[in-house]
Amino acid sequence: MKVVIVGGGISGLATGYLLTERANEGVFRSSLDLNILEGDNRPGGKIWSEKSDDFLCERGPNGFLDNKPWTLDLCNQLGIKDRLIRTNDSARKRFIYSEGVLHQLPESVSTFFLKSKILSLHAKLRILLEPFTKMPKDVTDETIADFAKRHIGEEALKKLVGPMVSGVFAGNPYNLSLKSSFPIMAELEKEGNGSLVKAMFKRAKGSRGNGAMEKKGGPMGPGGTLTSFKEGIEYLIYTLSDRLRESVITGSKVYKIDKGADKDSPYIISFKDINGENKLFADVVIMATPAHITSKVIGVLDPIISNKLDEIPYSPLTVVCLGYKRSLITHPLDGFGFLIPYDEKMNILGCLWDSSIFEGRAPEGHVLLRAMVGGATYPESAGLKDDDLLSMVRHDLKIILGIDVVPDFVRIYRHEKAIPQYTVGHSERMSNIENSLNKLPGLFLTGNSYYGIGINDCVRESFKIAEKVIKYCSRFTVHG
């Protein structure tokens, strides 16, 4: 059984590893011949932990939440679960910058109403009306903004929901689909017959009845604890690559997939490497590249799927890592970091206090901050020249944190197409793509472009795709 996975990010590597593990169990009727083709000279995609001058910078995601099982299960299978580290206690503190002040988000709803000053009294009273929210009629998909306004009002949308959407998706709540971006919220609305509060009370009551509360997200922030490795989240990539060994072929840029001439070689993969043009023949092809790349690669194979994939937009994002001597920073930095509402008209989306989140992210006597620039709301800022970008970030950090010293350490990481945006209509688009894929047996799509952008989402889909491939292959005897 010849299987080719195109893309060596977390989705491609996890799917490849799960297939090899199942192959060792004898689920395939012939031996598994696996190749993972990665265009870059290293696997991992946007998961990239870089250590320099004893600062550990994350170019992309800095971990995953432990409130969902998939990445934990993968780490357990890999035998590295005992190497996981979780955030420091202080990282539970999260802040919103509003009207010139950093407001800590309380961990409970009751404390929020009693102590938080981020919302006006009028806005708090508006939130109290949430239990009376009714299910909308004839609405199959709506923006996060419209959903939030119905449930908690305009001010809470701008000061709470907007920054959260920016922090997760680098996105704009006025464009993103609620049911595709945050499906749990759509589920809660149905369970509560229109009210999120009623649904959460039902779930809490049910959890108490079972003797345990689920670690779900809530109004004050995401559920679970951010989890990574001492070496950075890329340690997961190292481990997967090591287990897959020679199956992972880097520096191999796939540019086209065609149908094969007969049933013994359904697909022809064309790619370029240091030796020039090459081809592979495969029984199964798993596309684990971003949608905009997959669109180009399968354009000849299926123009309809290609066009649908090309409709998925991406937001640009630039990550600016800054290291300082701790003695020169007056702010306590005792928390996860802060996000900024769009109406504040600042230049950055927010800033993570990485050395406060995990130990070992900065050398002794130093701190490491990571500012995010660009996104769907300020796309032009992500493309600024390094000097202008650094000046802009330092300007905002001076206003918000009082930092007015030159950093000892600077790293800038640019992602022209950072995060897929699940705009309104995304679920219908995906339904059309899945229907078209039925006409191309042996071709599968996975990655964060479709059903969730986080590491947990990618790993969950890898488990699903691996089982789909096994089920597909069980239908017939293939020529290995």
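Student: Which cysteine sulfur is closest to the sulfur of cysteine 351, and how far away is it?
Tutor: The closest is the sulfur of cysteine 321, at 9.5 Å, which is too far for a bond. A disulfide here is a pair of cysteine sulfur atoms within 2.5 Å. This is a predicted model, where local features need pLDDT of at least 70, side-chain atom pairs count only at pLDDT 80 or more, and totals for chains, interfaces and linings use all residues. Residues are numbered from 1 along each chain as its sequence is written, and side-chain values use heavy atoms, with hydrogens and water left out.

Student: What about cysteine 57, buried or exposed?
Tutor: Cysteine 57 is buried, with a relative accessible area of 0%. Buried means under 20% relative accessible area, exposed over 50%, and partly exposed in between (1.4 Å probe, protein chains only). Its sulfur is 3.6 Å from that of cysteine 321, the closest one, and that is too far for a bond.

Student: New topic. Why is strand 7 largely enclosed?
Tutor: Because four of its five residues, in the run 94-98, are buried. Strands (E, at least two residues) and helices (H or I, at least four) are DSSP runs numbered from the N terminus.

Student: Which way does strand 7 run against strand 16?
Tutor: Parallel, with three bridges to residues 337-339. Strands pair if DSSP finds at least two bridges between them. Arginine 94 stands opposite glycine 337.

Student: And strand 8?
Tutor: Strand 8 (residues 101-104) is antiparallel to strand 7, over four bridges. The two form a hairpin with two residues between them, and glutamate 99 in the turn has a positive phi of about 55°.
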